[in-house]
Amino acid sequence: RAYAAGDMSQVYPIARGTAPFIVAIVTWLLIGETLGETGYVGLITICTGLVALALFGQKSVTASGQAVGFALCTACFIAAYSTVDGIGARNAGSVHGYAFLLFVLEALPMIPIAISRRGFQAVIRPAAGWGPAIASALLCLLAFWAVIWAMTEAPIAAVAALRETSVIFGVAISALFLREGSFKTRAPAAAFVAAGAVLLQL
């Protein structure tokens with residue numbers, strides 16, 4: 001719904017850029033996890049860079065209130081599942097088992113939801129074909145497994161912030177293929193994200 005109401009290059013960074021802030025607050029309140037002074041500076045730097053990516057290189061720097069609202073709502077969901085998965089994987093004792101069950105159990109309600117919204121034929125016959133669909137599913141599983149594993153080895157908020165550096169690729173794609181703004185004008189914001197990532201590792 002956020003993508004329908006606004007440009008991907010604005011909505012995506014807002015949703016991803018604000019989520020790590022929420023994760024940092026929630027994990028501190030729930031499990032007392034902190035990042036240290038340098039870590040928090042890195043977190044703030046990354047989030048600032050990500051949100052700045054939504055503003056630079058746009059034909060208009062204003063997104064609709066509806067688009068921003070949906071993006072912030074998405075950020076809350078991202079923060080929620082990041083926190084739950086980080087704590088859940090630690091308590092489960094097995095990253096592999098947790099990730100496997102997560103995907104299997106999520107599929108059970110998603111199948112009837114997809115059928116009700118798109119129809120049975122759309123579910124069993126993907127428009128792009130089974131090859132791209134299976135490849136996307138495997139890449140999604142691998143990426144999410146890596147994030148869950150990282151959350152068992154490092155602070156959840158730090159992993160969440162590093163994960164959101166993927167926004168740089170999202171903005172590049174939106175600029176190159178969707179013609180939504182210029183990536184070159186967003187270089188300073190991208191540099192902020194990179195600097196924040198370095199600070200998180202110090």
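The lining of the second largest pocket divides into ten nonpolar, two polar and three charged residues. Here Ala, Val, Leu, Ile, Met, Phe, Trp, Tyr, Cys and Pro count as nonpolar, Asp, Glu, Lys and Arg as charged, and the others, Gly among them, as polar. A pocket is an open set of points on a 1 Å grid over the protein atoms alone, where a 1.4 Å probe fits, with protein on both sides within 12 Å along at least five of seven lines; lining residues have an atom within 4 Å of a point.

The model you see is predicted, so local features need pLDDT of at least 70 and side-chain atom pairs 80 or more, while totals for chains, interfaces and linings use all residues. Residues are numbered from 1 along each chain as its sequence is written, and side-chain values use heavy atoms, leaving out hydrogens and water.

The second largest pocket holds about 320 Å³ of space. Arg 16, Cys 140, Ala 143, Phe 144 and Arg 163 are the closest to its centre of the 15 residues that line it. Helix H7 gives the largest share of this lining, four residues.

How much space lies in the largest pocket? The answer is about 750 Å³. Of its 19 lining residues, Ala 107, Met 110, Ile 111, Ala 133 and Ala 137 are the closest to the centre. Helices H5 (95-118) and H7 (130-153) are the elements that give two or more residues to this lining, and H5 supplies the largest share, nine residues. By class, the lining of the largest pocket has 15 nonpolar, one polar and three charged residues.

Terms used
Grid points are joined across faces, edges and corners, and a volume is the space filled by probe spheres set on the points.
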